[in-house]
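Hi everyone, thanks for making time today.

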Amino acid sequence: MLDFFTIFSKGGLVLWCFQGVSDSCTGPVNALIRSVLLQERGGNNSFTHEALTLKYKLDNQFELVFVVGFQKILTLTYVDKLIDDVHRLFRDKYRTEIQQQSALSLLNGTFDFQNDFLRLLREAEESSKIRAPTTMKKFEDSEKAKKPVRSMIETRGEKTKEKAKNNKKKGAKKEGSDGPLAPNKAAPAEKSGLPVGPENGELSKEELIRRKREEFIQKHGKGLDKSSKSSKSDIPKEKGKKAPRVWELGGSANKEVLDYSTPTTNGTPEAALSEDINLIRGTGPGGQLQDLDCSSSDDEGATQNTKPSATKGTLGGMFGMLKGLVGSKSLSREDMESVLDKMRDHLIAKNVAADIAVQLCESVANKLEGKVMGTFSTVTSTVKQALQESLVQILQPQRRVDMLRDIMDAQRRQRPYVVTFCGVNGVGKSTNLAKISFWLLENGFSVLIAACDTFRAGAVEQLRTHARRLTALHPPEKHGGRTMVQLFEKGYGKDAAGIAMEAIAFARNQGFDVVLVDTAGRMQDNAPLMTALAKLITVNTPDLVLFVGEALVGNEAVDQLIKFNRALADHSMAQTPRLIDGIVLTKFDTIDDKVGAAISMTYITSKPIVFVGTGQTYCDLRSLNAKAVVAALMKA
């Protein structure tokens, strides 16, 4: 039973609607438009919303959308056929009204389609009943039932007898087939000293192995003796070994020399820095995030190399362009297939996950199929432009994270703004936490860093070093004696959720604006650590949960994000579990133009990339520029 079937234009005008139940179809259809059609995620023609499954079809020629909704627990095999039949009949019946393509004509048009739809629905349901699933075979109809019971009873010695018979038969076949080759095979047996003839077949496997082992020792025994003698002769040479060189700046292994730590507690001022502050800070405005620039030095050389080649073959290029012109016809799958295959391979080469590259190309195909092209448009340029628009739309997801605005809103409510960082091991959570701390300090907000990585050795010391450097860059003297950055730590082996709770309470009492919670790196398959992370997020309810991921990964990015979100949902004790709110993309300066990880992460989560890490200094933090990333992605 169908819940609803609706037909509307891409401009938002509902042309016709069928209601199978009393519930309104507005909510599910709006969710489909918001989450799939506007986000360019049309690779799959199915969408699930709460208890409903929605299937849809796009008519790009007349700018129409056909949507059917039914209960998720039902398996309706005739839905695809029904959508195709309704699409074909509706388009043919009201072609003249639709071709005018004006909102007024569509509003004034009368689309009396109820009787036709009920007839098509009845035919589709009857066709599905005709193709009913075949019944299972009974035991009496199987071949096993025809065998007598005595033939299925096995005794202990029967299997070995059968194997022996089979071996004898195989041996007889081999002897019969190897008639002319028998003299050649007898030669090596004579050389090895084994008896030739039928006696050789009667030897057991152990005797054959023993004889071959003796032959091997006779042949190679001399070589073994030589090698043993040579190894003995090398022993006295090791006595006269040269002493290792001691370097002047090599340092020593004394405990007193290697211990650089100083006893510090929460709230104590740190010692002055001996490093150069400008090297630590980096260049550029710290308080304002610059847009990401994906252009490389190779681009200029590439453009210079292409200019002379363009002048050589102007005539050939002109004829090649004329061959690819579409010429005012509607695009079909066959026209786009070769171009989409090249686009898919290109995206995979640029580090986009393979599954997502396939879904993107499928979405572009659904978007362009049936669309009428202009006279001077090529298939390649049309597909490329549609793919670029889809990629830009993906990198600009539904919700935009504005941390500065949210922090000021939390200040008005007199509470700290809490950000939790999570991710796998070694992606740069602590380093980028320090960069974000510097950015917040440059914007005049005080920061409390909560050291909740109580597992990795050196994690607290790393954050303590960052806090000392940030204090040197923003000393209390510049801010009227107010401490702008401070580390809250309780050592190792403690409960991370408890430390985060104490840090938030400490920040509220001391008047800190922002709490940045650093967590331990964990693999997405580690269930105990994922449970601990879900507990930390559930207990402390942070304002923002940021997933820190590398720009180097390809398919692994999809696996990490899916399993992190699934683990947070499974291990959470709340009724509506808290999932990842945004992404921090690190090590972006190491990948040149292979920027596909950004597409993979945003496509999977529908969450924005809030920050991009591009270096080692505190100023190496950027905001994502969607058009620059897509330009780098589409670059050949």
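How much space lies in the second largest pocket? About 530 Å³. A pocket here is an open set of points on a 1 Å grid over the protein atoms alone, where a 1.4 Å probe fits, with protein on both sides within 12 Å along at least five of seven lines. The volume is the space filled by probe spheres set on the points, joined across faces, edges and corners.

This is a predicted model, where local features need pLDDT of at least 70 and side-chain atom pairs count only at pLDDT 80 or more, while totals for chains, interfaces and linings use all residues. Residues are numbered from 1 along each chain as its sequence is written, and side-chain values use heavy atoms, without hydrogens and water.

Back to our pocket. Its lining has 21 residues (each with an atom within 4 Å of a point), and Arg400, Val401, Ile609, Val610 and Ser623 lie nearest the centre.

Now, to a pair of helices (DSSP runs of H or I, at least four residues). H18, residues 379–395, packs against H26, residues 626–634, at about 140 degrees, with the axes 9 Å apart; axes are lines fitted to C-alpha atoms over the stretch in contact, and angles run from 0 to 180 degrees between N-to-C directions. In the contact (heavy atoms within 4.5 Å), Leu387 and Leu391 are among the H18 residues that meet H26, whose side includes Val630 and Leu633.

Methods. Helices (H or I, at least four residues) and strands (E, at least two) are DSSP runs, numbered from the N terminus.
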